[in-house]
Amino acid sequence: MNQQRRAFLQAAGSAALAFGAFGAHGQAAPKRVTIGGRRVSIVDVHAHCMFPEVARRVPGVAMPRVAPPTLVLGPERLAVMDERGIDVQALSVNTYWWYSASRADANAVVTIHDEGIAAWCKQHPTRFVGLCSVALQHPDLAAQQLEHAVKDLGLRGASIGGHVDNEPPTGTKYDPFWAKAEELDVPVFMHPNNALNIAREGSLAGPGSLPNIVGNPLETTVFLSHLIFDGTLDRFPRLKVCAAHGGGYLPSYLGRSDAACVFRDDANCANKRKPSEYFKDQILVDSMVFSSEGLRHLVAETGVSQVVYGSDLPYSWPDTIDIVVEAPFLSDADKEAILGGNLRRLLRIGA
Ligand SMILES: [Zn+2]
């Protein structure tokens, strides 16, 4: 482990974090998170998986490499969840490489994902729920897939990328999908993929893992901005969208967005409310901001009801459970809501 990583882990003061980073699988008793002496149930909205059989069964679609190998669901996922104190994960497949595929191929990919997630959830009904993949490039098909996943497979919402072949999925062409999510009253989890739609070739090259560190929050920021300014959230006022990585940069600079429609003649805003207002009800964000001050600001901009715990497993990142548990600006009830209560309601997870 390099020195900076050690310092980060020590600063966070988190045993759970260290376990997560080192992967001490299986032996220890599961971590139990308590607040004020009471055990709380932790629910994780940001949990990745992949199904390698897609490459064999749908050879016409170039699937990315499965890395890390623990993206394939197996016993070690449960072991890591136990070490971190995570009770329930909402599983999804990301990178959305099938968004450029034909209708038939994309449907085949989505079917394998959704049936695979459903089967895993059925094996572990108290530990997992699923978010479906959709072929968002074919919005009518995406709506059908979402309906099938929710009504027939028992999945609890959808997972989408921030763009479809560089186009924001927020224009009226995509309304069939958004309308279905609203009709079914299920959330849509948005996860970025290195801002490939925004960053020009080479613009995020160099040290610092910038496609991930800058690109991911940038893609999420742009996606949420389109979702707001295109009026998508007004056309579907009961729609709920949960954005990864704390909603990207948007919650840290919302005042500028609020000013856009008032002060910019060229803004052509289709939104009916101030951008910051959507963060109070329709937009949720995960907790992956990694500092107490970042979390405090996020909660100040959104309210406790809109922040949910996310781990990004099986990728190795600092855990935010302890930052929530130790937050001096949150009541015990607030902490429980962020760590599990909000998601239990949103994803209809039984007590
Ligand atoms: Zn992720």
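Modeller: Please keep in mind that this is a predicted model. By class, nine nonpolar, eight polar and one charged residues make up the lining of the largest pocket.

Colleague: How much space lies in the largest pocket, and which residues are closest to its centre?

Modeller: The largest pocket holds about 420 Å³ of space. It is lined by 18 residues, and those closest to its centre are Pro217, His245, Tyr249, Met288 and Val289. Two elements, α8 (210-229) and α12 (292-302), each give two or more residues to this lining, and α8 gives the most, with four residues.

Colleague: What makes Cys261 and Cys269 a disulfide?

Modeller: The sulfur atoms of Cys261 and Cys269 are 2.1 Å apart, and the cut-off is 2.5 Å, so the pair counts as a disulfide. By this rule the count comes to one disulfide.

Colleague: Why is the disulfide of Cys261 and Cys269 called left-handed?

Modeller: It is called left-handed because the torsion about its S-S bond is about -90 degrees. Cys261, at a relative accessible area of 29%, is partly exposed, and Cys269 counts as partly exposed too, at 26%.

Colleague: Why does Cys132 count as buried?

Modeller: Its relative accessibility is 0%, and buried means under 20%, so Cys132 counts as buried. The sulfur of Cys132 is 12 Å from the closest cysteine sulfur, in Cys121, which is too far for a bond.

Key. Residues numbered from 1 in each chain as written. Predicted model: local features only at pLDDT ≥ 70, side-chain atom pairs only at ≥ 80, totals over all residues. Heavy atoms only, no water. 1 Å grid on protein atoms, 1.4 Å probe; cavity = no way out; pocket = protein on both sides within 12 Å on 5 of 7 lines; lining within 4 Å. Points joined across faces, edges and corners; volume = space filled by probe spheres on them. Nonpolar A, V, L, I, M, F, W, Y, C, P; charged D, E, K, R; others polar. Buried < 20%, exposed > 50% of the residue type's maximum accessible area, 1.4 Å probe, protein only.
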